[in-house]
Amino acid sequence: MTARNGGAYLERLRTHSPELWVGSEKIVDVVGHPATAGAAAEIARLYDLQFEDGNEDMLFEPADGDGPVGVQFLEPRSREDLEQRHAMHKKWADSTLGMMGRTTDFVSAMLMAWNANADFFGDNADKVRDYFRHVRDNDLFLSHAIADPPVDRSKPASRQPDPYTYLGVKEQTAEGLIVSGAKMLATAAPYSDEILVWPFSLRKFAPEEKPYAIAFAIPTDAPGVRLICREPFGGGNAFDQPLSSRFDEMDAVVVFDDVLVPWDRVFINQDYERVNRIWEINSNAFTGAQTSVRLMAKLQFVAGLAKRATEVVKTDQFPQVRDALGEISTYIELTRAAILASEAGATPNQDGVLFPDLRPLYAIRNSGNRWYPRVREILQQILAGGLLYQPADVSAFDSPIASDLAKFYRGPDNSSVERISVFKVAADLAVSAFGGRHELYERFYAGDPMFLRINTQFNQYDWTEPLGLIDGLLATSAEHARTAGSAEPDRTDGGAAA
Ligand SMILES: Cc1cc2nc3c(=O)[nH]c(=O)nc-3n(C[C@H](O)[C@H](O)[C@H](O)COP(=O)(O)OP(=O)(O)OC[C@H]3O[C@@H](n4cnc5c(N)ncnc54)[C@H](O)[C@@H]3O)c2cc1C
């Protein structure tokens, strides 16, 4: 009942394989199947990191636990705790080059906030606390499924073609809720032990949406839970697909086919008013820290890749290439600054748990979804046709065209193998299907970019200071006008144009 290593993670995944569909194939061994094996091994590596020499700060002893557990579950009560969480996120993000957005420290950050503000759940508060301890002490991998399937976006849940298109409650039994319907794009669900489910909607829930106003946790291998995967990008070799062969975290639609959710895992039961207030938990303060640290790692990786690739072909001497690389490093430093500002401005909740300042984290969420597509565009602009200047696969090095490769695919200071291996990485990010999915991910993982920005930077934004400045100017201009004896209109006439 303490932190686990990669072997224990893989063993549990092997023995609790979810019902996973890739096309018509039912994958029964997530750990061994070529499409999923690479990412499963990478996730196992994250668990192993917790036990590596020098990484002692990735574990801590909770006062109410039986031994060391992962720092992803640490409720921060001091600046040092926040920094320890930050360092943990960064180690995991660096290990996956920022290519896995939903490593389990994302949903555990969410659940940790739920635990810290468990009173929000009213009568179910203790269930949330128990569940948090269960996940922490078993070091479980969680994914989350919150978005609804895009069947008819013009209508709310209750008016979809079938009442159980969107996930809703069908029945209440002595054992728990029977739920049916689907949730979209649970990233990393095939690799997870359990799924945290709650509703995420652009619409406010009305009383008739009650059956859909539910939050619960369910093991990924629970009877009736089916995962339908998108096209896998894994399965290739590490030379030709250096990123997609290892870091395809997979996205899956989760189908709930009359699934029993036991009462002890039901956190919100058909309570639409509570669902409409779910933001009060403030879990974005912690998920925002994870996503910002992960974005920083990804931007650093892309910057390093772009620098190395342009050095190889000596385009790094051109000013527009340097300017473009400088644009990426600017985004890195803005992200770093926002993370530090969020820690410096952290405030305690009623129980002394320090919540990072959301404002800089929201600013990064609302920028990262626009920066990343731009960064991918920069890769295409500065590496240009070089992204496709590659043999189809590694077998070419051992073929009659090997001498062509040696001559035409080299750089001035690099062999053809060295040059091609760098550009294969770049191509995997800039032009492959895996790379396209990454762009989509960064645009949308936190929700629709336009509504996200309206909600966080306009509706919820504290306009006091900006308005204070304009109002201050207007007040002093009146005074200046009086002192200078210049004309000043009567400000009390309501501004009527008459
Ligand atoms: C790679 C990837 C990974 C993801 N991972 C997860 C995950 O792990 N868990 C999870 O739960 N979800 C995940 N998602 C889903 C993500 O939360 C949604 O993509 C996001 O919230 C946007 O919703 P949508 O894709 O359904 O777009 P839609 O809501 O269908 O929007 C499509 C377009 O229609 C517009 N639109 C839609 N509704 C309205 C409206 N009411 N009024 C005005 N305009 C509207 C939008 O502005 C947008 O331009 C993932 C998505 C991607 C792409």
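The model is predicted. According to the UniProt record, an unreviewed entry, residues 6-268 carry the annotation "domain: HpaB/PvcC/4-BUDH N-terminal". Over residues 6-268 the chain is 28% helix and 24% strand, and the end C-alpha atoms of this stretch are 33 Å apart.

**The sheet**
- An open sheet is built from four strands in the order S5-S8-S9-S12, with mixed pairing.
- Strand S5 (142-145) and strand S12 (266-269) are the edge strands, and each pairs on one side only.
- From one strand to the next, the twist averages 20°.
- Strand S8 (residues 194-197) pairs with strand S9 (residues 214-219) in the antiparallel sense, over four bridges.
- Leu196 stands opposite Ala217 in S9.

**Helices on the sheet**
- Helix H4 (residues 105-116) packs on the sheet and touches S5, S8, S9 and S12; the direction of H4 makes about 80° with that of S5.
- Helix H5 (residues 125-138) also packs on the sheet, touching S5, S8, S9 and S12; the direction of H5 makes about 145° with that of S12.

**Helix H12**
- Helix H12 (residues 416-430) has 15 residues, which at 1.5 Å a residue should span 21 Å; the end C-alpha atoms are 20 Å apart, which agrees.
- Of the 15 residues of H12, 12 are buried, so the helix is largely enclosed by the rest of the structure.
- Among the buried residues are Arg419, Ile420, Phe423, Lys424, Asp428 and Leu429.
- The cover over the buried residues of H12 includes helix H6 (244-247), helix H8 (284-312), helix H10 (358-383), helix H11 (402-408) and helix H13 (433-444).

Conventions
Residues numbered from 1 in each chain as written. Predicted model: local features only at pLDDT ≥ 70, side-chain atom pairs only at ≥ 80, totals over all residues. Heavy atoms only, no water. UniProt positions renumbered as here; feature names shortened; annotations may be inferred. Helix = DSSP H or I, 4+ residues; strand = E, 2+ residues; numbered from the N terminus. Pairing = 2+ DSSP bridges. Axes fitted to C-alpha atoms, helices over the stretch in contact; angles between N-to-C directions. Contact = heavy atoms within 4.5 Å. Expected span 1.5 Å × (residues − 1). Buried < 20%, exposed > 50% of the residue type's maximum accessible area, 1.4 Å probe, protein only.
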